[in-house]
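Please keep the sequence and the 3D view at hand while reading.

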Amino acid sequence: MAALNNLTEHLESFVDVTRSPSHHADSLKAIASSLEKGVLSINQLVVEMDMYLTTTDDVIRARGILLLAEMLNHLKEKPLDTAVVQSLAGFFTAKLAEWKSVRGALTGCLALIKRKDVAGLVTATDAEAMAKAMIKSVQVQSLALHDRKICFELLECLLEQYPEAMINMGNLIVYATCEAIDGEKDPPCLMIAFHIVELLTQLFPSPSSSPLAAEASDLFDIISCYFPLHYTHTKGDEASIPREELSRRLSLAISSTPFFEPYAIPLLLEKLSSSLTVAKVDSLRCLNDCVVKYGVNRMKKHYKDLWPALKDALYSFTETDLSFGLESLTSPGFEMGEIHREAVDLLQRLVKQDISFLGLVVDDPRVNMISDTISRYSQFEDMPDTSKLEILVVSQILCVSARASVESCNKIFETFFFRLMNTLGIVEKVSSGDLVHNENSTASIKLYHGGLHLCIELLTASKDLIPSSEESSSTPWCSIVNRFSVSLIEAFTSVVQSSYDECSADAYLGVKGLLAMGMLCGGSSPVSKSEFEKILKTLTSIITAQRAKTVKWELALKALICMGSFIDRYSEREKAMSYMGVVVENLVSLACSSHCSLPYPMILEATSEVCSTRPQYVEKMVQGFEEAFCSSFSDFYVNGNSKPIENCSQLLECVTNKLLPRVTEIDGLEKFLVHFAISMWNQIESSVVFSYDVSGREFVEAAMKTMRQIVGVALVDSQNSIIQKAYNVISSSTLPAMESIPLTFAALEGLHRDLSTRDELILSLFASVIIGASPKASLPDVKSLIKLFMVSFLKGYIPAAQALGSIVNKLGISSDCSLEEACDIIFHQSFASGNNISSDDTDKTICGSETLLSKICLGFYGSVDLQTRAITGLAWIGKGLLMRGDGRVNEIALVLMECLKSSNSSGNALHPSAMKHAADAFLILMSDSEVCLNRKFHAVIRPLYKQRFFSITVPILESLIVNSQTPLSRTMLHVALAHVISNVPVTVILDNTKKLLPMILEGLSALSVDAVDKETLFSLLLVLSGTLTDIKGQQSVSDNAHKIIECLVKLTSYRHLMVVRETAIQCLATLLELPHGRIYPFRREVLQAVTKALDDPKRRVREEAIKCRQAWTSITSRS
């Protein structure tokens, strides 16, 4: 009963036209919810609505009918009894005659027609009755936009779902469609209307006694008035229909039935001659559709009119410059406009559908004069624009026609290719393989650029039409090319070999010609194996002969890459073997050779690019690179030559940048890379003593990067193999002796960076292995490794500290050393006996535990160098603990904060260098490292670890800043705080803007004093700029506007870093979004600052100053 009372309230609310639309929507939603939940049935609703559906009040009755219709919309998928559906269909059909209730009636009919099969459908009889009632009673064009759209949707659904019933209506449905569409101007309605025309033509496809055939002229007249569309939709309006979509729908309607052919083709040809680009493009697209839909028989009579119009569209091409650049090697070499592109598509469609259309092309006088145009000019650059246009357009016409089908390709080659060869003076070979001159040709080859371009384009167009071996006898074009293949290869080779650096056209055409010949692959390729190998040898010789990266070298390399990819794509086994033997093995052998005139980086680039085209080539390259590394490294440590170690560095960089990114793409590559890594260890193990200079340092960096990345991508079993090998090598070195160094002040004080170059390399590479290893990998003798790395980083070897951080981050229960044991070794190692520490020191507890590292960090004992090394090492250890969410990092953070004070707990002053290292330790803790402890190297990362560290450290740092005793301590604390703030997710900053903003401004002021912390200053400034643009920080920014402006004004003249000045000016411009009263009082100071910035030596700063000055000047006139 309560539900019925609520229903009455909702019904009253909806039919009351004085209520707001929101009230109406709420009522609809409430009633629909009751129906969907089954609280109310449709029958009960109709009974309760009886008075609203039958009242004599037109307004209330219309609202009641609309309400019932909307309820059916909500119940489209809810099953209803057939009798109920029929009853409702009859009701809404009858109500179509009441013009005041027509919206509700149309909505109800549409809701019933859209019902799914499982939910109860309208019968075909009811659908036909509904259509007839709408045709009889509803004048579509007299309705409002919304109602017209419903009419079109209803008609569309009837045609789609009840085709048989609509066919029974015959002429009536055609007349109704014409009447409904005629005069329509609204794009959403037209989209549906044009689709209705398509559906209508599908109902009556047969010309015999078709009602559409008789009315085709009238229907076409109605839709043709919209062509071409002059309509632009509003950008950014999601409800607006793009012109392209509406134009496409109109094109489909025009081409939907052959009955429109007598009217459509003349119209489209007329519009094609228009001066409007949009008319030409739409006409060409529509003609393309018509060619397919109308068929050859209907289109043939229009060919003589169509070809001249199409040719004019092709010659409307305005670009006459042919590009001879690297990017054009696999493209036509010029940019096609929209008209030209659509004309090319239409030409290919016509030739492909009907070969007889090609007769008009080959008989065209303008096309046949191309040989005369070619022979007038040797160089393309010497041609006038008219001749260039002729060559480019005719080349496009012939190539597009040839590409359409094998038959068309045969005809083009039979008609033009012999003539072209004669123009170029290229001879054919007889059956014996010897060359014979054509009687009409001259004895020497004439390398006309225009002719070479046309020849290359024809060869390129035909490459996808090579038949199988069984079909070769019926393919004349292949035979023609085969007769000239030797001469063509020689001609292109001659062009490229005779070219010089200043003439890129010759090199381009020669290489592109060889590429076109080399890509004629397939079962009956006109290019034999020996000829193909000659092409490869020519291009490879260009690669190996050049001493610098010339245009010719880059073109040849790209051509080889394209040929390799083409061979792989089409699985050309025989040519792949040739490519391996001629190109890959040649280049790989060069990479292994120590006596090559070609610069080594060029050898590596060529080898890596060429071999990346096929997995088998990649394997060959890895094996070759492994051999090259072993050879060069052996030469280095045996003979002491510096050149081999430089080659090793470049080779490792190539492996890292070219091979490792593809490890997931190529099966088996991981196995070869792991073998490469183990070979590196074998070479180092076999070396005895060596030393290196700066180039050697670069080698160590490259080797570390390669080693950790190989380990990072390797499977766990492979990682274990590398780890075991590395451990064996390090065990055989002098490094294990460092494990016996006692962790005492006296012993550590004497530590120096004194490892031999061999041991330093072994230590660095071993650290890289540990950094890249997975937590699941097995580390041998972890406790000894921890001691080794501790002593190493205290000697000054940073990779050891990074490796130690990785160990504490990744240690799990499967290791022979637990995390607790590892931390005991690192932090709580007891002092060795015999070391006397003053009573003042020994009784003190630092951050909850008396540790060796904390004592050293705080300067209780040891040199400044030892102190800075300990701080850096402690930071990397802390980073590993922080990322895994271990609470011990809090103790480390407190130790580092103690180092930022002006003096330690004993009152001894801390060295500025130690304080600087402690401040930068927070950058290590919070930043995302590329070299270790990231996802690529399998770091254990606990979610939100940065946020937790931020919430713990920031309040302490703020307190320390407030209570700092010296300017240096205050500055270093600000540096530490800046590192924490700059590396935390921006959402955390925005949530704490009110608290952080004063500290950020104070930090900017403190860090801007000199150039030492300029990068940190910029990072903090970026944080400030983020708060200025986000809505969360607007109130805090507004409250502190005067301080922000004062700070930014000072930074506009910060001379140590250009991006700081640029960003400060941008921030000043952003502040204009604040309330006028907040910023207006400071306009003079801002204008003075940005006016000075107009004379800044950097252009980017001056440009921002101009924009900012204009923006701030505009507010001075406001009241």
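Is the crossing of α48 and α50 left-handed or right-handed? In this predicted model, the crossing of α48 and α50 is left-handed, whereas the crossing of α27 and α29 is right-handed. The points below take the two helix pairs in turn.

**Helices α48 and α50**

- Helix α48, which covers residues 967-982, packs with helix α50, which covers residues 993-1007, at an angle of about 125 degrees, and their axes are 9 Å apart.
- Because an angle that lies between 115 and 145 degrees is neither roughly perpendicular nor roughly antiparallel, α48 and α50 are oblique to each other.
- On the side of α48, the residues that meet α50 are Arg970, Thr971, His974, Val975, Leu977, Ala978 and Ile981, and their partners in α50 are Leu996, Met999, Ile1000, Glu1002, Gly1003, Ala1006 and Leu1007.
- Sorted by class, the residues of this contact between α48 and α50 comprise 9 nonpolar, 3 polar and 2 charged ones.

**Helices α27 and α29**

- The axes of helix α27 (residues 504-518) and helix α29 (residues 551-569) come within 10 Å of each other, and they cross at roughly 15 degrees.
- Since angles under 35 degrees count as roughly parallel, α27 is described as roughly parallel to α29.
- Helix α27 contributes Ser504, Ala507, Tyr508, Val511, Leu515 and Gly518 to the contact, while α29 contributes Val551, Lys552, Leu555, Ala556, Ala559, Cys562 and Met563.
- The contact of α27 with α29 is made up of 10 nonpolar, 2 polar and 1 charged residues.

Conventions. Residues numbered from 1 in each chain as written. Predicted model: local features only at pLDDT ≥ 70, side-chain atom pairs only at ≥ 80, totals over all residues. Heavy atoms only, no water. Axes fitted to C-alpha atoms, helices over the stretch in contact; angles between N-to-C directions. Helix = DSSP H or I, 4+ residues; strand = E, 2+ residues; numbered from the N terminus. Parallel < 35°, antiparallel > 145°, perpendicular 65-115°, else oblique. Left-handed = near helix turned anticlockwise from the far one by under 90°. Contact = heavy atoms within 4.5 Å. Nonpolar A, V, L, I, M, F, W, Y, C, P; charged D, E, K, R; others polar.
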